Amino acid sequence: MTYGNQIYFIWVTRTQRQFEWLAEIIKEVEENDEHNLVSVHIYITQFAEKFDLRTTMLDFQ
């Protein structure tokens, strides 16, 4: 049996608040990914409000 080399998780969401409820689960999956199989890409489509540090911190690329 052949397995894939990578797992891509792509999520497009409108606001950061819609992302927050899943953030801890994504973090746990990434921490337990011993074979570097998981690639997470999250896109927030709404403009960040001025001085919104939470949204600024999400820019990890």
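How many helices and strands does the protein chain have? The protein chain has two helices and two strands. Helices (H or I, at least four residues) and strands (E, at least two) are DSSP runs, numbered from the N terminus. The model is predicted: local features need pLDDT of at least 70, side-chain atom pairs count only at pLDDT 80 or more, and totals for chains, interfaces and linings use all residues. Residues are numbered from 1 along each chain as its sequence is written, and side-chain values use heavy atoms, with hydrogens and water left out.

From the N terminus on, the order of elements is β-α-β-α. Buried residues make up 18% of the 61 residues in the protein chain. Here buried means under 20% relative accessible area, exposed means over 50%, and partly exposed lies in between (1.4 Å probe, protein chains only).

Strand β1 covers residues 7–13 and is joined to β2 by seven bridges. The two strands run parallel. Strands count as paired if DSSP finds at least two bridges between them. Ile7 has Val38 as its bridge partner in β2. Tyr8 stands opposite Ser39 in β2. Together, β1, α1 and β2 make a right-handed β-α-β unit. A crossover is right-handed if, with the strands pointing away from the viewer, the path from the first strand over the helix to the second runs clockwise.

Helix α1 spans residues 16–31. Its 16 residues, at 1.5 Å a residue, should span 22 Å. The end C-alpha atoms are 21 Å apart, which agrees. The expected span is 1.5 Å times one less than the number of residues. The helix bends by about 50° at Leu22. This bend is the angle between axes fitted to the seven residues ending at a residue and the seven starting there. Leu22 is also buried, as are Gln16, Phe19 and Ile26 in α1. An α-helix has 3.6 residues a turn, so residues three or four places apart point the same way.

Asp33 lies in the loop between α1 and β2 (38–44). Asp33 counts as buried because its relative accessible area is 18%. A polar atom of the Asp33 side chain lies 2.9 Å from the backbone nitrogen of Leu37. For the backbone nitrogen of Val38, the distance to a polar atom of the Asp33 side chain is 2.8 Å.

Within strand β2, Ser39 is buried at 14% relative accessibility. The side chains of Ser39 and His41 are joined by a polar contact of 2.8 Å. A polar contact is a pair of N or O atoms within 3.5 Å; within protein, one must be able to donate a hydrogen and the other to accept it, and residues adjacent in sequence count only if both atoms are side-chain atoms. Tyr43 is also found in strand β2. Tyr43 is partly exposed, at 40% relative accessibility. Tyr43 and Ile10 are 33 residues apart along the chain, yet their C-alpha atoms are separated by 7.9 Å.

A search of the whole structure finds one aromatic pair. Phe9 and Trp11 form this pair, which is edge-to-face, with 6.4 Å centre to centre and 80° between the planes. Rings of Phe, Tyr and Trp (its six-membered ring) pair if their centres lie within 6.5 Å; planes under 30 degrees apart count as stacked, over 60 as edge-to-face and the rest as tilted. Phe9 is partly exposed, with a relative accessible area of 33%. Trp11 is buried, at 19%.
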